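Here is a friendly walk through one protein chain, meant to be read with the structure open beside it. Take a look, and then follow along.

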Amino acid sequence: MKNRFSCMTANFVAQPLGYHMTEGWAQGDGATNDAFAPLETFADCFEGLLVQIKDLGFSAIDLWSRHLAWEWATPEHMAIAKELLKKHGVTARSYSAWVMGGESDLRAACRFCRSFDIPYIVGHIELVDTDRDLAVSILREFAVAYAIENHTETSIEALESRLGEGDRDVIGIGLDTGWCATRNWDALEGLRRLYDRIFVVHAKDVLAKASEETGYQFVDWGHETCRLGDGIVPVEAVLKELRRRGFRGSICIEHEPERYDPSEEIKESLALAEAWWQEAKPVVKDPLKVVVVGCGNIANSYGEAMEQRPEIEVLGACDLDRERAKEWTGRFGGKAYPDFDAVLADEDVEAIVNLTIQAAHVEVVSKALKAGKHVHSEKPLAPSYAEAKALVDLAESEGLRLSCAPVTWLGECQRTARRHVLSGGLGTPRIAYVNVDWARIEHWHPNPKPFYEVGPLADVGVYSLTLLTAWFGPVRQVVADGTVLVPQRTAADGEGFEVTREDWMTLSLLFESGFRARITASFYVGAVGGLTPDLEIHGDEGSLRTQWFAATAPIEVGKVGDPKGYTALAHDQRCLGEGEWYCDWSTGVYELWKALRSDRAHPTSGAQAAHVVEIVEAAHESMRGGRSVAVASSFPAPQLS
C-alpha cells in the first residue's frame, strides 16, 4: 500500500483558533464547525485542509466530522468534498464522529459514509447502547461498521464489556493508544487481547503528568498528545505488532495539541511510523525470488504491491530500454539486468513476472519456461488460443507453474460477492450484465497504440471473462458483434494513428452450467465521468451489483420484489486501498508463492487464461461470420484458500 498511514483531520482542531485553544476540546470543536459549515467558504477551507495534509506526506485521511458533518452537509458540500478528494488523490478511510440520537441520526450518518465509500464510523453511536439490534440492522443495511473508540474505559475488561458479544461484522474497536495510557492501561496488551475485534487503530502518544503532591510521574485525566515516541505510549511496539500480525485495517496518526501547530511533529511521526513498520516486516524463510521483465506503465503498480509482500523477493528487472530498468530497480530494489538472457542465466531467479506488451508474451513466457523458470504473466496470455494452449502444455511438460493475470477477481470485494452468489444468496444465479467501458486509452495512457492493436476485449474484457469463468465455469457458446467506432486516434504526443481492431464489442455467452452473460467492452465509452467497470448478477431470488475491478468497491444486493431496492453488503474482509481503482497487483505472484510452498494448485492458472483467450478468439470469429461459435477448452475450477 502506497501510504500505510493516514492523517486524522482532527489533528488541526485548534487551527481555527490560531492554536490558542484555552477552553478545551469543545471550543475547538465549535470553532472548526463554524469555519467549515458555511457553503460559500467550504471549498476553500476543505481544500486548504487537504493540501496541508498532502504536504505532510499523506494520501489518506480519517475524516473528523466537524470538518464535514453529516448533520449539516448538503449535497453541494458533499459534491465539493468528493471533487477535492479526487483532485488531490486523497482517500477517506474512516469517519470520526459522535452519532447521538436515534434511528434517523444513525441512518443519516451511515448514508453520509456510504456516499463517500467510508467503511467505518469511529467514535460513539448512541443507538448501539439503547437499541443494539436496530443499530446493527442499520449498519448492515448500509455496510458501515462501528469502531468503538476507547475514551472513558479504565481497563481492557471495560472495553470488552462495552463491545459485547456477536455482531463482529459491524461492531468492533477503534483502538486509541493515547487514551489507553491516559486511562492507565497498556495499549500493547489491549491490542494483543482484542486484536480480532480491532477495525481501526489511532496511533497516538501522550505525555505523563507530574503530581504536584509527590512529583511522581503518572498519567492523570489530562490528555496531552505529542510526537510519536516522545511520550509514554509503546507506539513503536504497537505498530510492529500490527505489522507482524498482518493488520489490514486503518492506522491513523493522531496528535491534537491545543497551543501549537502540530504539522512538523506529525510529519516526523509519519517518518517514524513508516520506519518502525518497515523494521517489523515479517521475515519469510523461503520467499519467491522473482525478476520483472518489462518496466512499462503497469510495472510501478506491481513494484509498489510486491514490496509490501515479504513472500516476494525482487532480484531485479530488465527491459529493452535498460535505463527504464535502472529507474525501476532504483525505486523497488534489485539489479537492472543487461538483457533477458542474463535473467534466464541467473540460477537464483525462481520466477519471471512478465509485464511486457501483449505481442511479446509468447516469446517471453516460452523462453522463461524452457529456462526452468516459473512464470506469472500479465494478460492476455497469448494472441491466439493455439499459442496459449502451447504455453500451458510447455509448462506442464517442464513441471513448472504458469500463472496469469488478471487477478482482480481475487480482491476482497470480488471474493465476498462470489461467496454470496455461490452460497445461494441470490437463489439460482442465471445471468450477468457486465460493462467493460475503459474510455479512450489515448486520454490517459502514454502509449495507447498496443492496446488498440489487441482491442478492448482482449485487453480489459478479459478481467470480467476471468471473473465469470472463475465463478461459473467454462463458456461453451459465444455470439458477438463489434465495430471500429473511431478509426483515427491521436496519442498524447500528438502523433496520429489508425485503429483497425474493433474498439467496441458486445458478447452473449452461454456457459456449460447454463449460466448466461452479456459483456460490452469498449475503448470509447467512459470518456466522460471516468471508467465504468460494472458487474450485475441476477438470480431467481435477488440481484447483486458491484465492480469487477476494484477490491474496495461497494457491493449492493436486493431481493426480487422488495420495495426497499438495493442495500449494501459488507465485505468479508475490509481492505484499504488508495482510491476507487485499488487493485493489489501482487496477488497473482503471492498466490504462486503460496501454492509452490504448499504443493497445491495456484488459482490463477494458465489453463483458465488460455480458455479466456479462446473465448476472445471465438468472439472475433463470431463477429466476422455472423454466427454462434463453440468454445471447446476447459480448466480445473480454481480453489481459494
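Helix H18 (residues 449–472) and helix H20 (residues 606–625) cross at roughly 120 degrees, with their axes coming within 9 Å. That angle makes H18 oblique to H20. The crossing of these two helices is right-handed. On the H18 side, the contact is made by Leu-457, Ala-458, Val-462, Leu-465, Thr-466, Thr-469 and Ala-470, while H20 brings Gln-608, His-611, Val-612, Ile-615, Val-616 and Ala-619.

A few words on terms and origin. This is a predicted model, in which local features need pLDDT of at least 70 and side-chain atom pairs count only at pLDDT 80 or more, while totals for chains, interfaces and linings use all residues. Residues are numbered from 1 along each chain as its sequence is written, and side-chain values use heavy atoms, with hydrogens and water left out. Helices (H or I, at least four residues) and strands (E, at least two) are DSSP runs, numbered from the N terminus. Axes are lines fitted to C-alpha atoms, for helices over the stretch in contact, with angles running from 0 to 180 degrees between N-to-C directions. Angles under 35 degrees count as roughly parallel, over 145 as roughly antiparallel, 65 to 115 as roughly perpendicular and the rest as oblique. A crossing is right-handed if the near helix is turned clockwise from the far one by less than a right angle, and left-handed if anticlockwise. Contact means heavy atoms within 4.5 Å.

The axes of H2 (residues 39–55) and H3 (residues 75–88) come within 10 Å and cross at roughly 25 degrees, so H2 and H3 are roughly parallel to each other. H2 also passes H3 in a right-handed crossing. Residues of H2 in this contact include Leu-39, Phe-42, Phe-46 and Leu-50, and those of H3 include His-77, Ile-80, Leu-84 and His-88. An α-helix has 3.6 residues a turn, so residues three or four places apart point the same way.

H3 also holds Ala-79. Is Ala-79 buried or exposed, or partly exposed? Its relative accessibility is 46%, so Ala-79 counts as partly exposed; buried means under 20% relative accessible area, exposed over 50%, and partly exposed in between (1.4 Å probe, protein chains only). From C-alpha to C-alpha, Ala-79 is 31 Å from Ile-198, and the two are 119 residues apart in sequence.

Ile-352 sits in strand S16 (residues 351–354) and is buried, with a relative accessible area of 1%. Although 61 residues separate Ile-352 and Val-291 along the chain, their C-alpha atoms are separated by 5.3 Å. Beyond its neighbours within four places in sequence, Ile-352 has contacts that include Val-291, Val-293, Phe-340, Ala-368 and Val-375.

Helix H17 (residues 412–422) is mostly covered, with nine of its 11 residues buried. Among the buried residues are Glu-412, Arg-415, Arg-418 and His-420. After H17 comes Gly-424, which has a positive phi near 95 degrees.

| Peptide bond | Omega | Loop holding the proline |
|---|---|---|
| Lys-379 to Pro-380 | near -15 degrees | between strand S17 (374–377) and helix H16 (385–398) |
| Ala-405 to Pro-406 | about 5 degrees | between strand S18 (402–404) and H17 |

Tyr-19 is not a glycine, yet its phi is positive, near 55 degrees. Tyr-19 lies in the loop between strand S1 (6–8) and helix H1 (25–36) and is buried at 12% relative accessibility. Asp-117 likewise has a positive phi, of about 55 degrees. The loop that holds Asp-117 runs between helix H4 (103–115) and strand S4 (120–125), and Asp-117 is partly exposed, with a relative accessible area of 38%.

How many disulfides are there? The count comes to zero, where a disulfide is a pair of cysteine sulfur atoms within 2.5 Å. For Cys-7, the closest cysteine sulfur is 8.0 Å away, in Cys-252, which is too far for a bond. Cys-7 is buried at 0% relative accessibility, and Cys-583 is buried at 8%.

Finally, confidence. The chain averages a pLDDT of 93, and 95% of the residues score at least 70; pLDDT is the predictor's confidence in each residue, from 0 to 100. Over residues 211–221, pLDDT stays under 50, and the model has 18 contacts beyond four places in sequence for this stretch. Where pLDDT is low, the predicted coordinates should not be read in detail.
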